[in-house]
There are 4 protein chains.
Amino acid sequence: MVTLQVLKACFTRTQTKMQHPVYTLLIDCPDQKGLVHQITGVLYRQGVNVTGNQEFVEHEYNRFFMRTTFQGGINEEEILKKIRKVLPVGAQARLSAVRKKRLVVLVTKEQHCLAELLVRNQFGEFNAEIAAVIGNHDTLERFTHQFGVNYHHVPHENKTRECHEAEILEVVQRYRPDFLVLAKYMRILSPAFVAHFPNQIVNIHHSFLPAFIGANPYRQAYERGVKIIGATAHFVNNDLDEGPIIVQNVIPVDHTYSVSDMMQSGRDVEKIVLARALKLVLEEKVAVSGNKTIVFD
Amino acid sequence: MVTLQVLKACFTRTQTKMQHPVYTLLIDCPDQKGLVHQITGVLYRQGVNVTGNQEFVEHEYNRFFMRTTFQGGINEEEILKKIRKVLPVGAQARLSAVRKKRLVVLVTKEQHCLAELLVRNQFGEFNAEIAAVIGNHDTLERFTHQFGVNYHHVPHENKTRECHEAEILEVVQRYRPDFLVLAKYMRILSPAFVAHFPNQIVNIHHSFLPAFIGANPYRQAYERGVKIIGATAHFVNNDLDEGPIIVQNVIPVDHTYSVSDMMQSGRDVEKIVLARALKLVLEEKVAVSGNKTIVFD
Amino acid sequence: MVTLQVLKACFTRTQTKMQHPVYTLLIDCPDQKGLVHQITGVLYRQGVNVTGNQEFVEHEYNRFFMRTTFQGGINEEEILKKIRKVLPVGAQARLSAVRKKRLVVLVTKEQHCLAELLVRNQFGEFNAEIAAVIGNHDTLERFTHQFGVNYHHVPHENKTRECHEAEILEVVQRYRPDFLVLAKYMRILSPAFVAHFPNQIVNIHHSFLPAFIGANPYRQAYERGVKIIGATAHFVNNDLDEGPIIVQNVIPVDHTYSVSDMMQSGRDVEKIVLARALKLVLEEKVAVSGNKTIVFD
Amino acid sequence: MVTLQVLKACFTRTQTKMQHPVYTLLIDCPDQKGLVHQITGVLYRQGVNVTGNQEFVEHEYNRFFMRTTFQGGINEEEILKKIRKVLPVGAQARLSAVRKKRLVVLVTKEQHCLAELLVRNQFGEFNAEIAAVIGNHDTLERFTHQFGVNYHHVPHENKTRECHEAEILEVVQRYRPDFLVLAKYMRILSPAFVAHFPNQIVNIHHSFLPAFIGANPYRQAYERGVKIIGATAHFVNNDLDEGPIIVQNVIPVDHTYSVSDMMQSGRDVEKIVLARALKLVLEEKVAVSGNKTIVFD
């Protein structure tokens with residue numbers, strides 16, 4: 001069965017007047033001969049202008065992935081129906097007009113990742129709008145307000161996890177975000193919560209996964225005497241720190257680094273890795289295949 | 001006008017018995033609508049098995065690049081003729097069966113890059129055969145012989161550059177190599193010599209170009225007090241250290257590094273960068289566009 | 001002759017009550033036998049607690065550098081006099097109590113480096129206070145005010161360089177800063193201006209110096225087809241982009257990067273490199289030797 | 001109690017005629033006031049020429065580490081006795097004249113690390129001599145002989161581990177090496193074997209430890225979908241892949257990498273990391289503190 005999904009565009013009047021919208025087509029299906037020829041044929045006959053095209057075949061699973069960007073005045077439902085006809089059973093096709101995505105950011109007390117997102121948001125550095133920030137502490141409330149962004153303090157004290165998550169969920173849903181960003185949100189989300197947002201939650205973990213899963217990775221790294229530390233941005237699924245990895249990066253350390261030095265240096269990596277992962281996700285460049293990502297970069 | 005070029009395969013009997021050859025198709029032409037659809041259509045109708053496909057449009061010059069790998073029993077001339085028909089005027093198409101390339105390596109006195117190539121050659125780590133090594137000194141003759149490879153000592157003393165290059169050219173041509181590798185060959189080749197091997201000479205330069213062009217880059221780096229040094233593998237064209245860059249890499253240094261420390265650390269980068277560039281070139285993953293490379297990696 | 005310089009500490013009452021101040025001693029002199037023994041002897045006899053000690057001998061110039069940190073209740077003038085006695089002619093010794101440094105930041109229109117500094121300033125991430133921001137445009141005025149920091153708009157239009165710099169100098173001197181930070185300030189400062197702040201101006205240059213000196217380094221990098229781009233933080237002296245380098249870092253790029261992609265990726269490197277350099281400078285870890293730095297890290 | 005250890009120098013006649021030997025002094029003791037002053041005082045009064053001096057205090061364990069290099073004509077026993085007098089109880093002091101170290105290398109079937117060592121050995125690129133190579137297969141016998149180095153084939157088939165290790169030990173001891181190098185030796189050594197060579201066995205592990213401990217790390221990395229892979233050189237102690245880490249390095253990978261691509265790219269990192277670690281160890285720049293290393297680089 002072919003799953004189709006059309007994401008509505010929200011262009012300003014000016015943009016649509018000036019030029020046709022830009023679309024991203026993401027396809028994920030069993031590999032077979034002639035797929036590229038037939039998919040590009042549908043687009044060619046529609047007269048759209050293909051601006052980029054990337055394919056990848058995961059030979060181990062015989063799975064075909066394709067990302068195409070094109071520009072043109074089209075009927076989205078119709079073009080998807082035609083693409084569906086040339087794809088094999090089990091295919092997923094997703095067509096979306098390029099638009100500003102909506103984000104809700106979850107934080108605890110550390111500011112560096114949130115600051116990175118708020119600054120980029122304010123200067124339009126990625127194609128998104130931060131609709132709100134939710135924190136289980138109020139530490140970052142004033143800072144968030146400096147950027148004119150809503151802050152919701154949802155404390156977890158004296159609540160069951162279910163109860164706390166229900167409150168967060170209620171706030172999140174008010175904003176109908178495309179993605180949730182865990183910007184150093186230091187509480188574990190339950191599978192029930194996560195299930196509401198499949199491949200829509202991006203987390204930054206402060207270690208080079210799968211090394212140092214869990215709590216206090218910098219302390220773990222210090223104890224082990226590693227010479228490199230890192231950070232990992234990944235989608236969140238049911239298991240702790242186990243979702244598909246989007247971006248990783250590292251920096252060298254040495255014996256002179258205390259745990260606190262590692263934390264401080266690590267912050268620079270964390271925020272850059274999170275920002276980079278988010279940019280890829282917002283530009284629809286990341287496909288998920290099992291517990292891995294295909295990054296069309 | 002479309003330029004066609006068929007590189008003859010040289011498969012062993014066993015290989016051709018067992019399976020169809022693998023081909024690489026490289027296309028470089030003005031961009032226009034429908035190219036991917038039409039090129040993949042030719043391959044689809046021939047019934048070959050496309051194993052990889054990469055495209056790139058250089059928007060600044062409106063130029064389309066494509067690299068396709070496929071497997072099948074084909075008539076090479078015929079398939080190229082059909083591809084030519086769907087390409088615009090000014091296109092270049094190059095079809096070659098995957099095969100072991102022949103290399104001639106030029107050296108002076110330093111062994112680290114040569115050693116890297118000889119070891120990889122001996123253990124079949126890249127798809128090439130080092131047919132011979134030529135040196136303007138005899139320093140590396142015994143070392144080359146340890147690996148059972150021919151060494152030609154062509155001294156440059158008391159000769160004009162023309163005369164010396166004519167002697168080298170004579171030796172090179174005896175081996176009919178696909179590529180020349182300058183593995184720390186410390187003499188500048190004349191435009192006349194270089195013109196015999198367009199995009200077929202790969203050089204390793206011991207700096208992060210375009211910083212420190214010319215002689216003694218490590219001394220220059222030391223004097224300038226840089227905190228990072230690097231190496232650059234590039235195709236050689238008429239101008240000194242000015243050809244299309246294929247691979248670059250760097251390593252950190254600090255104030256404790258003497259010129260000699262930089263040279264020693266730099267060697268590790270140089271040999272890895274050269275080996276990596278050569279691997280890409282041997283796998284036909286590098287297209288040249290003006291003074292730049294498109295690396296389909 | 002020995003140059004002595006005592007930088008006054010400005011500890012809060014609470015700190016001085018609780019514990020002795022921490023000092024940094026930086027020495028730069030011709031090398032001779034026994035220096036470490038004699039310098040540490042002075043400190044030992046004063047009964048201070050040495051917490052760190054680093055030495056470096058630049059053999060090419062026979063020059064000895066030492067950085068010592070210690071804690072104790074001392075008479076600063078007296079201890080410096082005693083250290084002076086054991087140092088050779090031509091020595092420079094600088095003793096300073098660890099304290100918050102004052103910064104004035106110069107900007108033009110780009111926000112990423114300024115944002116990095118303002119966020120770190122607000123959360124006390126480095127030991128400094130941004131006293132004011134000066135811009136030759138008003139683009140970043142509102143943004144600076146969000147952080148509660150003074151902004152001075154000093155436009156350069158219709159003014160001679162001398163006149164414009166005199167106005168900037170007047171504003172700067174009002175704040176009596178320890179360091180000036182050029183956070184993407186896009187105008188060249190005259191030698192006359194620079195002479196007021198020897199080794200006190202830190203600039204971020206948006207290339208891996210000495211590659212791409214001058215204007216539009218990303219355009220230059222694009223045209224050259226490099227595979228790595230970088231950023232350089234350095235002290236400013238008389239010559240354009242020629243001062244002692246403090247920190248450099250790089251990121252890989254490829255043929256798919258437009259000039260604008262390079263600029264965007266480059267910004268992440270620029271701000272991290274500037275923040276790192278500033279941290280080292282603020283912690284008195286950087287000694288200058290001719291056109292190079294000794295970084296005691 | 002102070003442990004003293006004098007390693008005998010083996011200078012050629014020419015060297016000792018020309019100049020005094022160079023010594024490395026490594027000290028590891030509880031921290032206390034005045035250590036640097038007193039240790040350098042001993043050296044100063046002996047009239048030797050100190051060429052380098054590095055200290056590190058591990059505050060978490062209140063432990064002082066110092067590495068000093070000096071040149072001079074000294075009585076080694078006498079100078080060590082004097083240094084011992086100024087050190088606290090529990091100190092370790094190790095004085096050794098700089099000399100060529102002897103290595104025995106253990107391998108299985110992969111050549112890249114061995115090749116790196118043999119080439120450096122032949123061209124004198126590190127201050128060591130490879131006395132012999134021991135393999136549990138004969139795969140690399142011919143290759144080792146190309147470099148004129150002894151190869152011992154000690155097969156493990158149909159033997160208990162004790163028996164096999166006893167045979168290896170017998171061969172190793174014949175050569176009286178300073179260090180054993182496990183250059184992709186794919187069998188686990190027993191604690192009993194390891195106990196013969198405390199901090200004298202250097203291993204290269206083909207992952208960025210502590211990620212992917214144990215077998216098939218590249219397969220593990222592939223399954224986890226990491227975006228960076230690495231290699232770790234470490235001393236071997238009782239526990240599998242758990243010894244003090246000396247050097248680590250990494251390279252980026254992406255979804256297009258098969259397990260075999262990762263292995264191939266990983267090899268470049270492995271050999272460079274091993275060579276770098278070995279260079280540090282041979283130059284006596286590595287002190288061991290519990291399960292960590294202090295690298296005086």
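Author: One definition comes first: a residue is buried when its relative accessible area is under 20%, and exposed when it is over 50%. Note also that this is a predicted model.

Reader: Is D:Phe193 buried or exposed?
Author: The cut-off for buried is under 20%. D:Phe193 has a relative accessible area of 3%, so it is buried.

Reader: What kind of aromatic pair do D:Phe193 and D:Phe197 form?
Author: D:Phe197 is buried too, with a relative accessible area of 8%. The two ring centres are 5.6 Å apart. Planes under 30 degrees apart count as stacked and over 60 as edge-to-face, with the rest tilted. At 45° between the planes, the pair of D:Phe193 and D:Phe197 is tilted.

Reader: How many aromatic pairs does the structure hold over all chains?
Author: Rings pair if their centres lie within 6.5 Å. Over all chains, the number of aromatic pairs is 28.

Reader: And which kind of pair is A:Phe143 with A:Phe147?
Author: A:Phe143 is buried at 2% relative accessibility. A:Phe147 is buried at 10%. Their ring centres are 5.2 Å apart, and their planes stand at 70°, so the pair is edge-to-face.

Reader: Which residues form one aromatic cluster with A:Phe143 and A:Phe147?
Author: The cluster takes in residues of chain A and chain C. Besides A:Phe143 and A:Phe147, its members are A:Phe123, C:Phe123, C:Phe143 and C:Phe147.

Reader: Where does the charged end of D:Lys292 sit?
Author: C:Lys292 lies over the face of B:Tyr222, at 3.2 Å from the ring centre. The charged end of D:Lys292 sits 3.2 Å from a ring centre, over the ring of A:Tyr222.

Reader: What is the area buried between chain B and chain A?
Author: The contact involves 17 residues of chain B and 17 residues of chain A. Carbon and sulfur atoms give 52% of the buried area. The area itself is about 1,400 Å².

Reader: Which residues of chain B lose the most area to chain A?
Author: Together they make up 44% of what that side buries. They are B:Lys33, B:His37 and B:Tyr44.

Reader: In chain B, which C-alpha is nearest the axis that superposes chain B on chain A?
Author: The rotation is 180°, with 0.0 Å of shift along the axis and an RMSD of 0.0 Å. The nearest C-alpha in chain B is 2.4 Å from that axis, and belongs to B:His37. The copies meet through the same surface, because 100% of the interface residues of chain B are also interface residues in chain A. So the C-alpha asked for, in a pair that shares one surface, is that of B:His37.

Reader: Why does the length of helix H2 of chain C agree with expectation?
Author: H2 of chain C has twelve residues, 35-46. At 1.5 Å a residue they should span 16 Å. The end C-alpha atoms agree with that, being apart by 17 Å.

Reader: Which elements do the buried residues of H2(C) pack against?
Author: The buried residues include C:Leu35, C:Val36 and C:Ile39. In chain C they pack against strands S2, S3 and S4 and helix H3. In chain D, the partners are helix H2 and strand S3.

Reader: What is the phi of A:Lys184?
Author: Most residues other than glycine have a negative phi. A:Lys184 lies in the loop between strand S9 and helix H7 of chain A. A:Lys184 is buried, with a relative accessible area of 2%. Its phi is positive, at about 70°.

Reader: Is C:Asn62 buried or partly exposed?
Author: C:Asn62 lies in the loop between S3 and S4 of chain C. Its phi is positive, about 50°, although it is not a glycine. With a relative accessible area of 42%, C:Asn62 is partly exposed.

Conventions: Residues are numbered from 1 along each chain as its sequence is written. Chains are lettered from A and ligands numbered from 1 in the order in which they are written. This is a predicted model: local features need pLDDT of at least 70, side-chain atom pairs count only at pLDDT 80 or more; totals for chains, interfaces and linings use all residues. Side-chain values use heavy atoms; hydrogens and water are left out. Helices (H or I, at least four residues) and strands (E, at least two) are DSSP runs, numbered from the N terminus. The expected span of a helix is 1.5 Å times one less than its number of residues. Buried means under 20% relative accessible area, exposed over 50%, partly exposed in between (1.4 Å probe, protein chains only). Contact means heavy atoms within 4.5 Å. Rings of Phe, Tyr and Trp (its six-membered ring) pair if their centres lie within 6.5 Å; planes under 30 degrees apart count as stacked, over 60 as edge-to-face and the rest as tilted. A charge sits over a ring if NZ of Lys or CZ of Arg is within 6 Å of the ring centre and within 35 degrees of the ring normal. Buried area is the accessible area (1.4 Å probe) that two parts lose on being put together, summed over both. Copies are superposed by least squares on the C-alpha atoms of residues with pLDDT of at least 70 in both.
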